[in-house]
Amino acid sequence: MIVHRPPFIIHQFATLGSTNDELKRMHNPPEFTCVVAEEQTAGRGRRDRQWHSSPGDGLYLSVLLLPNATEKLSLLSLIAAIAVAETLTELRVGGADIKWPNDVLVNGRKLCGILIESVSAGTNAPRIIVGIGVNLNHESFPAELSQTATSLKIETGQAIPADDFRDQLLQRLFVWYERWKHDESRMILDRWQRLSTYAHGQRVSVALETESLIGETAGLTEDGALNLRLDDGSVRTILAGEVTRLRKNEG
Ligand code: BTN
């Protein structure tokens, strides 16, 4: 089924392997093409992880962006998280937070994950697939996720139709994408930092490819990378890594 929510064209499926993969398979889709599935059988997360995508419980959505600039692409990952966090605020869900770069948490547990993939079309123009998974109506999670994941149903007791969340989220994403296109990086960085308790002064460990660092977060760079102040006072700029908050007596 195809649903029109201008400028978005939404291709709705009952079951797919992965909405990101389906969007990649499409032949030259226009910008703002979306793929949504009620269930994913091979939902993918970052770092080759799986994304738990049980039928009817979540929003599993991929959106195609065709930015005509190659600078500041990394900020697209921040605007997706901002859009999700603002949708939660509109729904009056308290306790939302963003863990760098783009995990959206509620009351400290993960409610939404974002997988951004760039597909080269053989030209300089990047094709960006923004894959967003939001846990909406799950009543429970498999044992391995039960301590770290949550859903809107678990947090608020209310079920929410995935289509309603989808439409609000797409509107917010469009607003922030327009700001990105108009080079409003400062506004994006400020907004992200206001929505995230991880932005400043948090003691965290950061797992990189080959090492792990411990330090205190010290804001974002203008490209959206995370500044980490190490215990020797030096500052490392983190471009990619897995952030974990440390409790007072850890690290
Ligand atoms: C993460 O936190 O690791 C990112 C998870 C991204 C999951 C979404 S669900 C829709 C889209 N299709 C996928 O296969 N993955 C993303």
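**Overall fold and local details**

Guide: Of the contacts in the protein chain between residues at least 6 apart in sequence, 59% join residues at least 24 apart. Please keep in mind that this is a predicted model.

Visitor: How many helices and strands does the protein chain have?
Guide: The secondary structure comprises five helices and 13 strands. The radius of gyration is 18 Å, close to the 18 Å given by the globule rule for 251 residues, so the chain is as compact as a globular protein of that length.

Visitor: And what share of the residues is buried?
Guide: Buried residues account for 49% of the 251 residues. The accessible surface is about 12100 Å², and 48% of this surface belongs to carbon and sulfur atoms.

Visitor: What about charges: how many positive and negative side chains are there?
Guide: There are 27 positive and 32 negative side chains, and the centres of the two sets are 3 Å apart.

Visitor: Let us turn to helix α5. Which of its residues are buried?
Guide: In α5, residues 185-195, the buried ones are Ser-185, Ile-188, Leu-189, Trp-192, Gln-193 and Leu-195. They span an arc of only 165 degrees around the axis, which places them on the same side of α5.

Visitor: Why would residues some places apart point the same way?
Guide: An α-helix has 3.6 residues a turn, so residues three or four places apart point the same way.

Visitor: What covers the buried residues of α5?
Guide: The cover includes helices α2 (74-90) and α4 (162-181), together with strands β5 (96-99), β9 (200-207) and β10 (212-220).

Visitor: Now the backbone. Where are the cis peptide bonds?
Guide: Pro-7 belongs to the loop between β1 (2-5) and β2 (8-16). Another joins Trp-100 and Pro-101, with omega about 0 degrees. Pro-101 sits in the loop between β5 and β6 (103-106).

Visitor: Which residue has phi near 75 degrees?
Guide: That is Phe-32, where phi is positive although the residue is other than glycine. Phe-32 lies in the loop between α1 (19-25) and β3 (33-40).

Visitor: Is Phe-32 buried or exposed?
Guide: Phe-32 counts as buried, at 9% relative accessibility. Asp-183, not a glycine, also has a positive phi, of about 65 degrees. Asp-183 is in the loop between α4 and α5, and at 58% relative accessibility Asp-183 counts as exposed.

Terms used
Residues are numbered from 1 along each chain as its sequence is written. This is a predicted model: local features need pLDDT of at least 70, side-chain atom pairs count only at pLDDT 80 or more; totals for chains, interfaces and linings use all residues. Side-chain values use heavy atoms; hydrogens and water are left out. Helices (H or I, at least four residues) and strands (E, at least two) are DSSP runs, numbered from the N terminus. The radius of gyration is taken over C-alpha atoms; the globule rule is 2.2 Å times the number of residues to the power 0.38. Buried means under 20% relative accessible area, exposed over 50%, partly exposed in between (1.4 Å probe, protein chains only). Contact means heavy atoms within 4.5 Å. Accessible areas come from the Shrake-Rupley method with a 1.4 Å probe; for residues, only the protein chains shown count as cover. Lys and Arg count as positive and Asp and Glu as negative; His and the chain ends are not counted. The place of a charge is taken as NZ of Lys, CZ of Arg, CG of Asp or CD of Glu. The arc is that of the directions from the helix axis to the C-beta atoms.
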